[in-house]
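User: I'd like to learn how to read a model like this one. Can you walk me through it, feature by feature?

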Protein chains: 2
Amino acid sequence: MPPRSATAPDPADASRAASLADVAALAGVSAGTVSRALTRPDMLSEATRTRVLAAAERLGYVANGAARALAMRRSFTVGAIVPRFGRSSFPTMVQALEATLATEGYTLLLSAPERTRGHDPALLRALLERGVDAVALLGADQPPAVFAALAAHRRPFVMMWEEHSAEGPCVGFDEAAAGAQLVAHLAGLGHRRIGILSGSTVDNERAQRRLRGLTAAIARHGLQLHHAAVVETETGFAQGFAAMQELLARRTPVTAVVCANDYLAGGALSALAQAGVAVPAQLSVASFNDNDFAAFTHPPLTTVHLPIEEIGAQAGRVLLAALRGDAPPDNPLLPATLVVRASTGPVPG
Amino acid sequence: MPPRSATAPDPADASRAASLADVAALAGVSAGTVSRALTRPDMLSEATRTRVLAAAERLGYVANGAARALAMRRSFTVGAIVPRFGRSSFPTMVQALEATLATEGYTLLLSAPERTRGHDPALLRALLERGVDAVALLGADQPPAVFAALAAHRRPFVMMWEEHSAEGPCVGFDEAAAGAQLVAHLAGLGHRRIGILSGSTVDNERAQRRLRGLTAAIARHGLQLHHAAVVETETGFAQGFAAMQELLARRTPVTAVVCANDYLAGGALSALAQAGVAVPAQLSVASFNDNDFAAFTHPPLTTVHLPIEEIGAQAGRVLLAALRGDAPPDNPLLPATLVVRASTGPVPG
DNA sequence: TTGTATGCGTTATCAC
DNA sequence: GTGATAACGCATACAA
């Protein structure tokens, strides 16, 4: 609910923006005709259409979306709630979402709350008030009120970066399979003792799932994972740097480390370089690749590559189909790809 | 203009969302009273207020923003057009903008076009149709039609990441001063021959200004800049990697390289490490710091630090002041700070 | 093909 | 303090 305190920029400005009626007057037709000229050009005669269009052009007419939304009961706007937006790979995803929605005339209304506001149901409410036709969410880990509100307002929605949910359609990749690829690769190289640099799992289902997938795969391969070899930290270059320093300080006898993302891994590699630990001669490092610079660290990182942009694009397609009333598109888990690079090698000794 | 082809999700759904009238009926009051209960609680008697609020709660009432925008002639929405969003430091800036606007109840309507759509006046038109009360732009390098439309619709606007413009208020930092700090630092270390890894200047005023500032400072210090020592490339880790390889291949006798941002610099450092060039023993590297991981590369980068988030926050303040009808806030160029780290050192030999 | 009339859900201006 | 009532600007069903 917007505050009532603010004062309007031009409360009672004499010259307001041109309306349909203004255009109609100038063109010498009725308002209805102008409306049709703009939205169903083929319903008009060539002559009046060009006359109306010229008038609209001359007045610099821009439709009033609020009035249109009110009349049509739809806004051609899609809301997205993406917390912790500024420090992540999400912008890429969101841009892809935006591009896909734009193909059918939809505009993205982005809610990019800071962490603390991340799960505030008021965010969705704000979006609904804005009249969004559909909503894209990050993950399925939402307050029940969110799904209730979505259902009450009959708004199609999709959960991005999520595998499955009883609540509705999800777009994501198979985290467990991705982690398993990483672990299998390391196991194949002979590594038995593996460390993990995990993203912070508090209040973050995605980080939790990623960590679970890794530990499960490690167990499946009969490898060892000392809890002292798992460092959990916020995502980021700096955090990866510190986390690796922490891991080194603990002197756990791991021969390989898996990082939950390439920001972390980049920082970790820097810490290793600074500490004089040779990669992969003394320690192998592998990582999930969220941000596409894994290939350009030194040494280049072995990663599982995740199609981030594709999540946004696919999420857009899911929503568009729902908005059209079409059957939902094929929506499989997106495949993650193992890319072996120089940062992993055989066990030392 | 949205396409007319799409069909509504629930064209004539029997149970539509609760409206003011519904709440009024349930509470046994008039619609006007409900409106007041929601937006000016103090104008009502304690009794009716609680009754109305309870009714609204029970019906899960959410205001219709389109109707409100139509009646109030304002939407409490601010538009932002930020091209090339996915691969940059802009998300940080946008999140700060969003946070600042949220303090006064405004929502951000983000237009994040790909490069090719970046200067399309249709983007602004879409935002205006959506009824935004104000607009944040990236840079002053906009088609004239943009400023004309903004003026015609009397929409306050601000240009982010921009120093000065006759068109309106700008928020940015002093690129030339920042570059000068970098060059002065290198000159002080004895470097005479300097190379530059620039962002792509085609169609990018910010990259151009950054490059100009650097070359001017280099000239001022009487240093040498061979044109062969300037490599221009898209921003990104991968691009920095390739650009540095290119620079090395050219065998220009530079002793220091300045990178236009830390993504580029990170890639460049990786290329140097891979090529066996010691930093800074054989080559010094310094950089603009857009993304805050300069401290964690190996070696850590000497940078000028740019307060990216502050741009968004300040831009938000400028807009809010204009929306309030207040005088514009003090809006000085944001200061850039030189941070000397291990990647720069004296001239070899 | 075009004009007319009505409704969309709020806010705001009056009366009471 | 509260209830009618008139905009707000557009889309659309229906009439012409």
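This is a predicted model: local features need pLDDT of at least 70, side-chain atom pairs count only at pLDDT 80 or more; totals for chains, interfaces and linings use all residues.

User: How do I read a sheet, and what is the strand order in chain A?

Analyst: The general idea is that strands of a sheet pair through backbone hydrogen bonds, either parallel or antiparallel. Here, chain A has an open sheet of six strands with mixed pairing, in the order S7-S6-S8-S9-S10-S11. S7 (230-233) and S11 (337-339) of chain A each have a single partner strand, so one side of each is left without a neighbour in the sheet. On average, neighbouring strands are turned by 15° against each other, direction ignored.

User: Which way do S8 and S9 of chain A run, and how many bridges join them?

Analyst: They're parallel, with four bridges between them. For one spot to look at, find Ala256(A), opposite Ser284(A) in S9(A). Helix H9 (205-220) of chain A packs on the sheet, touching S6, S8 and S9 of chain A, and makes about 170° with the direction of S6(A).

User: And which residues have the most contacts inside the largest nonpolar core?

Analyst: In soluble globular proteins, nonpolar side chains tend to be buried together. In this model, the largest nonpolar core has 203 residues, and Ala268(A) and Ala268(B) have the most contacts inside it. Ala268(A) touches, among others, Leu197(A), Phe241(A) and Val285(A).

User: Which element gives the most to the surface near DNA strand D?

Analyst: That's H2(A), with six residues. By class, that surface has 15 nonpolar, 10 polar and three charged residues.

Technical notes: Residues are numbered from 1 along each chain as its sequence is written. Chains are lettered from A and ligands numbered from 1 in the order in which they are written. Helices (H or I, at least four residues) and strands (E, at least two) are DSSP runs, numbered from the N terminus. Ala, Val, Leu, Ile, Met, Phe, Trp, Tyr, Cys and Pro count as nonpolar, Asp, Glu, Lys and Arg as charged, and the others, Gly among them, as polar. A nonpolar core is a set of buried Ala, Val, Leu, Ile, Met, Phe, Trp, Tyr and Cys residues joined through C-beta atoms within 7 Å. A residue is buried if 20 or more other C-beta atoms lie within 10 Å of its own, exposed if 12 or fewer, and partly exposed in between; C-beta atoms are placed from the backbone. Two residues are in contact if their C-beta atoms, placed from the backbone, lie within 7 Å. Two strands pair if DSSP finds at least two bridges between them. Axes are lines fitted to C-alpha atoms, for helices over the stretch in contact, and angles run from 0 to 180 degrees between N-to-C directions. Lists of a residue's contacts leave out its neighbours within four places in sequence.
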